[in-house]
Amino acid sequence: MNTTKPITHTILRAEGFSCPSCVAKIEKRLGRIDGVEKVKVHFASARIEIDHDDSVSVEDLIAAVAKAGYTATKAAF
Amino acid sequence: MITLTRLARGRWTVPAVAGLLIAISFLADRVLNGDLAGDLAMIAAAVVAGTPIVIKAFNALVARVIGIDLLVSVAAMGAVIIGEYWEAAAVTFLFAVGHALEAATLNRTRSALAELVAVAPDVAVVLRAGDQVEIPAAQVGNGETVLVKNGAKVPVDGVVIEGTGGLDEASITGESIPVEKSAGDRVFAGTVSTGGFFQVRATGVGADTTLARIIHRVEEAQDAKAGTQLFMDRFSAWYTPAIMVLALVAGLVSGDVVLGLTLLVIGCPGALVISIPVSIVAGIGRAAKDGILIKGGEFLETSAKITVVAVDKTGTLTKGRPRLTDVTVLDPSMDRAQVLTWAARAEAGSEHPLARTILDAAAAEGSTVRGLPDHTQPIPGKGITATADGHRILIGNLALLEQYGISDTSSAARTAETLASAGQTPMIVAVDDWVVGVVAVADEVRQDAARMVADLHAAGVEKVVMLTGDARLVAEAVGSATGVDEIRAGLLPEDKLNAVLELQREGHTVAMVGDGVNDAPALATADIGVAMGAAGSAVAVETADIALMGDNLLKLPEAISLARRTVANMRQNITIAVATVALLLLGVLLGGVTMSIGMLVHEVSVLVVIINAMRLLQRTRQHAPQPTQQVPARDRTAHQNV
């Protein structure tokens with residue numbers, strides 16, 4: 001049991017953001033995942049920034065975004 | 001199951017099925033004359049179109065968000081309950097269609113950025129122990145040698161170490177004409193080889209490339225909210241709940257359920273909330289594609305208000321590479337080469353930027369000066385004095401001659417003035433207190449400088465002011481060649497700052513263009529600091545309010561007129577959104593606007609706003625003699641119509 005897990009900063013680029021209020025749903029859904037520290041969804045540029053530890057994989061994050069109804073891919077930078 | 005979800009995910013599946021059911025319902029009504037069959041089909045249509053909306057509304061509620069989906073769900077379910085099947089079907093169908101169209105078009109407004117992301121290179125061919133190895137671009141190490149073959153994408157930022165060829169740098173600078181590169185030149189990740197073969201030493205990889213910085217910058221800029229947008233955000237935060245309360249109150253007071261439900265439909269804040277972001281995203285994206293980085297919506301709004309552009313002369317209006325332009329011999333016993341050699345001997349010990357020019361010119365004419373003078377002393381603001389081979393050489397202006405008590409200066413003064421009026425910087429040369437001649441250097445005026453000034457005026461800039469440390473006569477020559485409105489000459493770096501402050505005090509919105517080194521304070525003080533040729537400088541990309549990636553002067557007027565068009569576009573969108581809501585409210589309260597009409601108008605207004613923003617993505621180069629020349633004219637009429 002380690003108490004201090006390294007935090008990874010992942011940026012996803014999403015498609016099909018069409019209303020600013022929809023992004024709140026994504027924020028909430030990702031925020032509920034264990035190991036996710038911080039989520040910021042940018043409507044205008046369709047980006048999702050997530051701070052999470054290594055118990056969460058990028059695939060988990062993409063799956064959660066898909067459940068909220070949007071397609072996302074990991075951004076290289 | 002999988003095919004079912006895929007079908008359900010398809011953008012157009014739901015609207016298509018719902019539309020079909022509505023058509024069947026109408027047919028059943030007409031042909032079969034059966035009310036029941038028609039009603040059933042209509043309810044089915046509402047269920048098909050409405051279910052995804054209800055699911056989304058439910059999910060949002062779970063996440064404690066009251067969204068548009070909820071408003072539409074309540075309105076549609078209410079309509080079904082009171083027997084208004086057509087209204088329920090129409091509202092959900094139109095909402096589904098509108099949503100699909102919105103998703104498709106809204107993505108288009110983000111297309112400029114998506115294109116930039118798409119140019120990011122995936123693979124690199126590196127030279128490791130003599131072998132060519134293909135690896136992911138992000139795994140290239142700094143200092144490794146990368147091969148760029150004909151037609152390939154440059155995978156990293158770096159310096160050419162061997163080979164020559166052309167590169168299409170459009171993704172970085174917005175200039176589509178290929179640039180010739182050879183050893184020592186910088187290259188950028190995401191540019192494309194148009195021929196040739198290079199070896200490049202990697203200096204920046206992955207997130208540490210100019211392309212990554214541009215993408216990052218543009219995304220941040222698109223997300224940064226301008227003042228107007230913050231206002232609209234606050235407005236719409238109140239607007240939706242207010243409409244819901246109004247719907248409830250209106251329904252209860254009048255006892256008219258339909259009125260209440262109709263108000264709910266009208267309450268969707270669609271066009272209002274996206275009116276500003278779509279314009280800004282499209283405007284900033286368009287600019288980035290042309291090699292113009294604008295820091296954010298706020299800077300876009302300020303750029304649209306620019307009334308004065310202050311430009312640094314050297315390096316902006318001129319090439320920043322002075323050349324020897326004239327040698328006038330005033331001592332009949334000497335010739336041109338001797339005068340130049342004396343000048344070069346004195347300058348050999350100087351650190352002044354012009355010294356290099358004199359030395360190079362002398363060397364080019366066959367008099368290479370070796371070694372330093374025995375003694376060199378710079379006289380600030382006047383010139384230098386040097387001692388070489390037992391002779392005292394003076395090189396500088398008239399004030400220098402006066403300081404050394406040289407009496408016969410009339411011919412030197414005349415020559416100097418003639419040269420200065422022609423835009424050249426004269427330097428009088430005296431040996432042992434005897435004037436022998438005048439050498440002159442000049443910085444070439446850039447080819448596009450005059451057109452830039454004219455274009456700035458055309459873009460609505462009132463005044464173009466030239467700031468320079470050079471002497472007035474020289475500055476005036478450059479000024480008349482370029483058409484600037486005002487000249488402030490003989491300035492020290494801190495005077496440039498004061499000049500900007502003074503212009504601001506006169507009530508101007510000032511943009512300052514400079515190299516960012518000795519203009520830094522003035523650039524920071526100006527309302528908009530513009531960096532030119534920013535591709536090579538990470539700092540410029542990250543800090544300049546407007547960064548022009550290439551070295552093209554004409555990008556500046558282009559940036560300002562694009563800012564103006566974007567802000568105008570934003571205003572049109574706000575007007576469309578607010579007018580739609582006002583008209584719909586009025587229509588509902590006065591009667592005549594039903595739920596389905598309300599939804600139709602609503603969705604149309606959203607699409608109009610998005611399509612209006614998409615106009616910004618069109619190429620509107622005023623100068624390129626292309627078929628797109630029609631576009632600006634069309635733009636103007638469109639502006640007037642709104």
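Student: How many bridges join strand E16 of chain B to E17(B)?

Tutor: This is a predicted model, where local features need pLDDT of at least 70, side-chain atom pairs count only at pLDDT 80 or more, and totals for chains, interfaces and linings use all residues. Residues are numbered from 1 along each chain as its sequence is written, chains are lettered from A and ligands numbered from 1 in the order in which they are written. Strands (E, at least two residues) and helices (H or I, at least four) are DSSP runs numbered from the N terminus, and two strands pair if DSSP finds at least two bridges between them. E16(B) (residues 425-431) runs antiparallel to E17(B), and the bridges number 7.

Student: Which residue in the turn between E16(B) and E17(B) has a positive phi?

Tutor: The two strands form a hairpin with 2 residues between them. Phi is about 50° at Asp432(B).

Student: Which residue of E17(B) stands opposite Leu324(B)?

Tutor: E17(B) also pairs with strand E12 (residues 323-329) of chain B, antiparallel, over 6 bridges. Opposite Leu324(B) stands Val441(B).

Student: Why is E17(B) described as largely enclosed?

Tutor: A residue is buried if 20 or more other C-beta atoms, placed from the backbone, lie within 10 Å of its own; it is exposed if 12 or fewer do, and partly exposed in between. E17(B) spans residues 434-442 and is largely enclosed by the rest of the structure because, of its 9 residues, the number buried is 8.

Student: What distance separates the end C-alpha atoms of helix H8 of chain B?

Tutor: The expected span is 1.5 Å times one less than the number of residues. For the 14 residues of H8(B) (residues 210-223) that should give 20 Å, which agrees with the end-to-end distance of 20 Å.

Student: How many residues of H8(B) are buried?

Tutor: Among the buried residues are Arg213(B), Arg217(B) and Glu219(B). H8(B) is largely enclosed by the rest of the structure, so of its 14 residues the buried count is 12.

Student: Which strands are the edges of the open sheet in chain B?

Tutor: The sheet has 7 strands in the order E10-E22-E21-E20-E11-E18-E19, with mixed pairing. Each edge strand pairs on one side only: E10 (292-294) and E19 (486-488).

Student: Which element gives the most to the side of chain A that touches chain B?

Tutor: Contact means C-beta atoms, placed from the backbone, within 7 Å. By that rule 21 residues of chain A are in contact with 28 residues of chain B. Strand E1 (7-15) and helix H1 (22-31) of chain A each supply at least two residues of that side of chain A. With 5 residues, the top contributor is H1(A).

Key
Contact = placed C-beta atoms within 7 Å.
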